[in-house]
Amino acid sequence: MLQTSISQQTGFAHLSDLPCLKLQYGTASAVISLYGAQVLSYQPTAENEVLWLSPKAQWHNQQAIRGGVPLCWPWFGPASATFNPQNISLPNHGLVRNKMWQVSSQQSSADSVSVTLTLTVQDLPHVQGSTRLQLSVTLNDSLTLTLSCDSVMPQQAALHSYFTVNNLDSALVRPLPSSYQDKVNDTFVDDSSCAATFKAETDRIYHQSAAQLWLEQAEQLLSLSQRGHDATVVWNPWQEKSSKMSDLQLDSYQQFVCVETANLSIDNQALTLSQQLKRT
Ligand code: BG6
């Protein structure tokens, strides 16, 4: 009989006062911070960490936690005019990374353990009234995150996952589309390799990416399935940018890559965006 549990936990890693939930399904576990509804840890087996958390991550002073799976919503990157009609100062990647979410349901069965976290936001800069956002996290032989919002309105979103890499030089993401939007040089690039490797600062948007990607490393393969997306963002800040970020160490960029499942359309739409992770 598989051991399954959902428990409250105060603190994770050096964030010793952070309110969290821990899910356990046999030897697999996941830790979710209620601040930001941010999955911080996913271990398919004990001591085998898939996600990366910065040793300098902070959660006080409204800061977003650097690592795990931050949720970007209702805009991605800087807020464009659609999301910022009054042209005020707004944070990068939306408004929910630094909010305390509520646990709205928990379920545990022989098939999986899952929790749903909810956040109600009053008066977005571009939409009046209240909007409800949900993140459900399901753990079994994989980890599935689904971010949803039933309101039909302009909304972008991303599951901004930070993955641990042991050797950045050998890390590879594929299969990706044969062209991408390069945010470092502000150009569009054709790339017949249909893969991303990490040899310099990397900040790419791959539009209309496939439902199934792989993060490959020496002796390790991570399956990343995505639904409800229209793009995948691949990011590594490299050394110079890392050195300017207060919540990264100088060599942090060698320890992670971000592969982000995103919906970047600004049409009026409801949202269901999911990413499923499985070590094979
Ligand atoms: C990525 C963006 O998704 O997030 C990058 O493509 C950005 O441009 C990075 O630098 C980190 O953003 P933030 O707001 O967490 O520092």
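Modeller: Ground rules before we start: the model is predicted, so local features need pLDDT of at least 70 and side-chain atom pairs count only at pLDDT 80 or more, while totals for chains, interfaces and linings use all residues. Residues are numbered from 1 along each chain as its sequence is written, and side-chain values use heavy atoms, with hydrogens and water left out.

Colleague: Fine. Why is Ser 242 called buried?

Modeller: Buried means under 20% relative accessible area, with exposed over 50% and partly exposed in between (1.4 Å probe, protein chains only). Ser 242 comes in at 1%, so it counts as buried.

Colleague: Which residues does Ser 242 touch, leaving out those up to four places away in sequence?

Modeller: Pro 237, Leu 248, Gln 249, Leu 250 and Tyr 253. A contact here means heavy atoms within 4.5 Å. Ser 242 itself sits in helix H1, residues 238–243; helices (H or I, at least four residues) and strands (E, at least two) are DSSP runs, numbered from the N terminus.

Colleague: How do you know that E12 pairs with E13?

Modeller: Two strands pair if DSSP finds at least two bridges between them. E12 (residues 179–182) and E13 (residues 187–190) have 4 bridges, in the antiparallel sense, so they pass that cut-off. Ser 179 stands opposite Asp 190, and Asp 182 stands opposite Thr 187.

Colleague: What lies between E12 and E13?

Modeller: They form a hairpin with 4 residues between them, and Asp 186 in the turn has a positive phi of about 55°.

Colleague: What about E12 and E14: how many bridges are there?

Modeller: There are 2, again antiparallel, with E14 covering residues 202–207. That meets the requirement of at least two, so they count as paired. Here Asp 182 stands opposite Arg 204.

Colleague: What makes E13 an edge strand?

Modeller: The open sheet has 7 strands in the order E5-E10-E18-E17-E14-E12-E13. E13 and E5 (71–72) each pair on one side only.

Colleague: Which residues of E12 are on the covered face?

Modeller: Tyr 180 and Asp 182, whereas Ser 179 and Gln 181 are on the uncovered one. In a regular strand the side chains alternate between the two faces of the sheet.
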